[in-house]
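Good morning, everyone, and thank you for making the time. Before I say anything, please look at the sequence and the structure on the screen.

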Amino acid sequence: MDINCRKLNCKHNKKCVCTAKGINIDNETTCKTYILDSNKKVEDLSKIMFSKTPEYENFRHIKDANIECNAHCIFNKKGKCLANGIIILDNKKAICGTFIQKTKNKQM
């Protein structure tokens, strides 16, 4: 599993790769593992994206990722995320961008 993160000011973020041992996604798709590191310098990558390739950490394969999920998502299986990988987006909060809402099955 690949855990990619756009919250560059997170304690667990190393060049857009999450280094946390486990992740907790709440019922509103917010990453509760996010910890602000006010000492990290966050570069605005949009300013250089066409002139210089941003540096990313190598892919971190985690065979048995511990991702607890409380969201009403199709990848949530009894509180564990079964997606092949997730991405945390940089918003006002750290939001799971892999989230796909589960819908109720309608019988005909």
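A word on the source first. This is a predicted model, in which local features need a pLDDT of at least 70 and side-chain atom pairs count only at pLDDT 80 or more, while totals for chains, interfaces and linings use all residues. Residues are numbered from 1 along each chain as its sequence is written, and side-chain values use heavy atoms, with hydrogens and water left out.

As for confidence, pLDDT is the predictor's own confidence in each residue, on a scale from 0 to 100. The chain averages a pLDDT of 85, and 82% of the residues score at least 70.

Now the fold. Helices and strands here are DSSP runs, numbered from the N terminus, where a helix is H or I with at least four residues and a strand is E with at least two. The chain has zero helices and nine strands, so that, by this DSSP definition, the pattern along the sequence reads β-β-β-β-β-β-β-β-β. Contact, in what follows, means heavy atoms within 4.5 Å. Among contacts between residues at least 6 apart in sequence, 66% join residues at least 24 apart.

For burial, I use relative accessible area with a 1.4 Å probe and protein chains only: buried is under 20%, exposed is over 50%, and partly exposed is in between. Of the 108 residues of the chain, 32% count as buried. The accessible surface comes to about 8,000 Å², with 50% of it belonging to carbon and sulfur atoms; these areas come from the Shrake-Rupley method with a 1.4 Å probe, and for residues only the protein chains shown count as cover.

How do the strands pair? Two strands count as paired if DSSP finds at least two bridges between them. S1 and S8 pair in the parallel sense over four bridges, and within that pairing Asp2 stands opposite Gly85 in S8. S8 and S9, by contrast, pair in the antiparallel sense over three bridges; they form a hairpin with three residues between them, and Leu89 stands opposite Ile95 in S9.

That brings me to the core. A nonpolar core is a set of buried Ala, Val, Leu, Ile, Met, Phe, Trp, Tyr and Cys residues joined through side-chain atoms within 4.5 Å. The largest one has 18 residues, and those with the most contacts inside it are Ile3, Ile23, Ile25, Cys31, Ile67, Ile86 and Ile88. The elements that give two or more residues to this core are S1 (2-5), S4 (22-25), S5 (66-69), S8 (85-90) and S9 (94-96). Leaving out residues up to four places away in sequence, Cys31 touches Ile23, Asn24, Ile25, Ile88 and Ala94.

Beyond four places in sequence, Thr33 is in contact with His12, Ala20, Gly22, Ile23 and Asn24, and Gly22 touches Thr33 and Asn66.

How many disulfides are there, if a disulfide is a pair of cysteine sulfur atoms within 2.5 Å? The count comes to zero. Cys18 is in no disulfide, the nearest cysteine sulfur, that of Cys5, being 6.1 Å away, and Cys18 is buried at 8% relative accessibility. Cys73 is likewise in no disulfide, with the sulfur of Cys69 nearest at 5.6 Å, and Cys73 is buried at 5%.

Lastly, the backbone angles. Most residues other than glycine have a negative phi. Cys16, however, has a positive phi near 75°; it is found in the loop between S2 (13-14) and S3 (17-18), and is buried at 3%. Lys78 also has a positive phi, of about 55°, in the loop between S6 (76-77) and S7 (80-81), but Lys78 is exposed at 81%.

Conventions:
Disulfide = S-S within 2.5 Å.
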